[in-house]
Amino acid sequence: MDEHKGLANPVKGLFSMYRNPAAHEPRLHCTVANEELLELLTTLWMVHRRLDSAHVTC
C-alpha cells in the first residue's frame, strides 16, 4: 500500500500544478521553459510506465 501512496503523490502534484489554470491565474503571457516541459513529460512517462506494468490483485 505504501507504494501506491508513493506513486499517488507525484500524480497529485502534477494535477495540482497544471489544473484549470484559467480559474486561478491567466497564463496568456506565461512562458514555460523547455526544461520544465521535459521534466513534466519525464514524470508523466514514469507514472504511465508504472501503471502499464500494474497487475490487479484481490
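Student: By class, how many nonpolar, polar and charged residues does the lining of the largest pocket have?
Tutor: The model is predicted, with local features needing pLDDT of at least 70 and side-chain atom pairs counting only at pLDDT 80 or more, while totals for chains, interfaces and linings use all residues. Residues are numbered from 1 along each chain as its sequence is written, and side-chain values use heavy atoms, with hydrogens and water left out. The lining consists of Glu3, His4, Leu7, Arg50, Leu51, Ser53, Ala54 and His55, where a pocket is an open set of points on a 1 Å grid over the protein atoms alone, reached by a 1.4 Å probe, with protein on both sides within 12 Å along at least five of seven lines, and lining residues have an atom within 4 Å of a point. With Ala, Val, Leu, Ile, Met, Phe, Trp, Tyr, Cys and Pro taken as nonpolar, Asp, Glu, Lys and Arg as charged, and the others, Gly among them, as polar, the lining has 3 nonpolar, 3 polar and 2 charged residues.

Student: Which element gives the most to the lining of the largest pocket?
Tutor: Helices are DSSP runs of H or I with at least four residues, strands are E runs of at least two, and both are numbered from the N terminus. Helix H1 (2–18) and helix H3 (34–52) are the elements that give two or more residues to this lining. The one that gives the most, with 3 residues, is H1.

Student: Is Val47 buried or exposed?
Tutor: Val47 lies in helix H3, and its C-alpha atom is separated by 7.5 Å from that of Val11, 36 residues apart along the chain. Buried means under 20% relative accessible area, exposed over 50%, and partly exposed in between, with a 1.4 Å probe and protein chains only. Because its relative accessible area is 9%, Val47 is buried.

Student: What is the relative accessible area of Thr43?
Tutor: Thr43 also has its place in helix H3, and its C-alpha atom is separated by 8.0 Å from that of Pro10, 33 residues apart along the chain. Thr43 is partly exposed, with a relative accessible area of 25%.

Student: Over the ring of which residue does the charged end of Arg49 sit?
Tutor: A charge sits over a ring if NZ of Lys or CZ of Arg is within 6 Å of the ring centre and within 35 degrees of the ring normal. The charged end of Arg49 is 4.6 Å from the ring centre, and the ring belongs to Trp45.
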